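Hi,

Here is the structure I said I'd pass on to you. Have a look at it first, and then read on for what turned up.

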Amino acid sequence: MTLDITQVYRQVEEMAGEMKNRRADYGRRLATATEVLKSAATEQEVLRHKVERAHTSWLLAGLKEDIGLHKAPASLPSDFCVVGCDGSHIDVDRHHSERLFLFNMGVIYLRYGGSPDAEFISSPTLYYGEERQNIRSTGGQQVAIEGPLLGIKRGVEECRSLADRVCSAPDGLPVLGLIDGSLIMWGLVGQRYEDFVIKDLLDEGLLKQFDRFFELNKTRQAALASYISFPRSADVANVLRLQICPYDPVDCDRHCQGKLEGRPCDEIAGVIDRALFGKVLGDRERSPVFYSTSSINTRYGIHKVCFFYIGMGEEVARVEVPEWVADDEALLNLTHAIILDQCDKGFGYPVCLSEAHEQAVVTGTDRDQFWDLVDRVLQEDNIASQRSLKQRSKRVRWI
Amino acid sequence: MDLKQKIAEVIETSNSEFMAQCYELEGVPALGSLVRTRGRDCDIYGIVYYSATHSLEPGRRIIARGQNAATDRDVFKANPQLARLLVSDFKALVIGHRSGGDVKQYLPPSPALVYAFVYTSTDEEVRQFTQSLNFLSLMLDSRLPVATDEVVAAFLRSAGHTHPSSQGFLIRAGKELAWLLSNDIRRLDSILKRLSQ
């Protein structure tokens with residue numbers, strides 16, 4: 001017997017009933033949040049001051065532009081390039097005697113305008129041996145790259161593949177490098193990783209790739225951005241909680257310690273940015289630019305991650321950019337315009353990212369083929385590889 | 001070999017036919033045209049009887065994109081990735097081979113090679129190949145998934161233009177068809193009508 005879907009059905013029905021009751025309440029809170037946003041727009045400086053002094057238990061958006069701003073896209077350049085990258089991986093299999101993993105990078109280069117062109121790249125890399133599979137400190141410590149760290153490492157390699165292709169785009173054309181997901185290494189936040197791990201993955205890894213984009217801007221217009229479809233973040237909505245908080249300075253621990261409801265700011269509890277900007281942004285407009293106050297963002301230096309939301313009609317997407325893109329009006333406009341165009345061509349999601357995903361994806365069948373290939377080649381070379389008895393019992397489903 | 005004539009590569013092969021994938025989306029040879037590829041010890045000739053343009057991946061459907069485009073060319077210009085996602089291929093019926101300099105209008109001893117390049121034939125090659133019309137029996141007897149008579153007529157019409165007298169070639173072909181189809185007048189009539197149009 002596998003999943004008993006009839007049992008699940010009853011539970012889904014119960015859940016739907018509960019959600020129905022909550023929906024009216026959520027609608028009221030969202031309407032309140034929208035009004036608070038409008039009033040906040042008239043008291044910019046007060047709010048900015050409040051954000052800077054606040055001690056909250058939730059993540060806040062830093063204000064870079066007026067919170068009430070909503071801006072239509074600039075026009076697209078006649079000729080431009082966009083490069084999208086996505087990756088997937090085969091993780092270390094602890095049921096296999098050989099410890100190895102694989103990244104598969106999908107990179108899509110698209111050129112628009114007078115000489116349209118496209119290039120698809122699918123590039124797998126096998127990681128084996130102590131040196132490639134561990135992060136090492138100068139003092140001799142090492143941490144194995146697997147599980148969550150492997151996902152973070154993959155993000156670094158995605159950015160490297162993206163930068164490689166962006167750097168070889170035709171001279172003179174504006175170019176946008178786009179990745180799926182966040183520019184912020186959330187996986188490193190809140191985890192107790194040793195500093196040499198963070199240094200390897202962030203300072204020497206991701207940020208070195210960001211540097212390549214930054215340097216490229218000295219000779220051409222090159223922007224870097226990431227795209228988050230259906231975002232769940234509430235950084236801006238959390239700022240609105242400060243707006244209605246009666247305490248000044250805001251200090252959650254001091255004034256509302258232990259309370260999970262009944263606080264003044266709970267009038268807009270549960271509201272997320274996507275819903276909020278869905279109410280205030282016109283179609284194709286962008287929100288003001290904010291910066292993330294995540295603790296890891298302080299390590300990003302000139303690449304401090306900023307973000308804005310785009311009204312896409314059916315959904316609101318979050319776009320993250322390094323601060324040097326956010327501060328350059330031309331690059332910001334280019335990013336906004338190209339992402340909208342990519343979404344038009346991709347039926348709501350950037351076409352360069354959906355095609356990059358197609359190039360990168362590793363299916364269940366691919367995984368089985370990969371491990372079979374590893375076994376076969378090792379056996380041919382008289383190297384015994386073993387799989388755990390547990391895994392063998394799963395593959396051969398006996399009765 | 002003239003690279004301009006190189007249009008495709010064999011991706012499926014058997015003694016009687018081969019399928020080839022085109023390098024260009026719009027590079028499909030015309031129905032009934034003579035193409036050449038390589039077998040183990042010979043050149044193999046085939047006549048194109050089927051071609052298609054489709055998604056490279058079976059699970060991905062092509063969807064309409066041109067509602068706001070002025071021309072169908074604009075759809076490709078605005079979506080340059082399409083040329084990488086779509087593919088054209090064609091099937092050719094094997095009707096002869098060239099071994100040791102001689103054209104032989106019967107099946108070669110072994111199929112075309114997988115990944116062998118496929119070339120369009122020059123007018124001179126077509127003219128030489130159609131000096132003899134023995135290949136017609138091979139064509140008429142084949143059971144193609146498309147109307148065989150359409151393919152026969154298309155090939156003869158285009159081959160006629162490579163001869164000094166197109167009319168003379170078609171009369172010769174008509175006589176050969178009359179001999180081969182003497183017990184099937186309706187079919188003969190159908191092909192001859194297609195030749196004269």
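Predicted model: local features only at pLDDT ≥ 70, side-chain atom pairs only at ≥ 80, totals over all residues.

How many helices and how many strands are there in chain A? Chain A has 13 helices and 11 strands.

Let's begin with the overall shape. If you draw a box along the principal axes, the C-alpha atoms of chain A fill roughly 75 × 60 × 50 Å.

Now the sheet. Nine strands of chain A form an open sheet with mixed pairing, and their order is β1-β9-β10-β11-β8-β7-β2-β3-β4. At the edges sit β1 (61–63) and β4 (117–127) of chain A, each of which pairs on one side only. Going from one strand to the next, the twist averages 30°. As a bit of background, strands of a sheet pair through backbone hydrogen bonds, and they can do so either parallel or antiparallel.

You can see one of these pairings at β3 (residues 101–112) of chain A: β3(A) runs antiparallel to β4(A), and 11 bridges join the two. To find your place there, look for M105(A), which stands opposite S123(A) in β4(A).

Next, a pair of helices in chain A. Which way do α1 (residues 5–40) and α8 (residues 273–280) of chain A cross, and at what angle? Their axes come within 10 Å and cross at roughly 65°. Angles of 65 to 115 degrees count as roughly perpendicular, so that is what α1(A) is to α8(A). The crossing of α1(A) and α8(A) is right-handed.

Where they meet, α1(A) brings L30(A), A33(A), T34(A) and L37(A), while α8(A) brings A275(A), L276(A), K279(A) and V280(A). Sorted by type, the residues of this contact are six nonpolar, one polar and one charged.

Last, there's chain B. Seven of its residues are in contact with 11 residues of chain A. On the side of chain B that touches chain A, α1 (72–78) and α2 (82–85) of chain B each supply at least two residues. That side of chain B is made up of three nonpolar, two polar and two charged residues.

Methods. Residues numbered from 1 in each chain as written. Chains lettered and ligands numbered in written order. Axes fitted to C-alpha atoms, helices over the stretch in contact; angles between N-to-C directions. Helix = DSSP H or I, 4+ residues; strand = E, 2+ residues; numbered from the N terminus. Parallel < 35°, antiparallel > 145°, perpendicular 65-115°, else oblique. Left-handed = near helix turned anticlockwise from the far one by under 90°. Contact = placed C-beta atoms within 7 Å. Nonpolar A, V, L, I, M, F, W, Y, C, P; charged D, E, K, R; others polar. Pairing = 2+ DSSP bridges.
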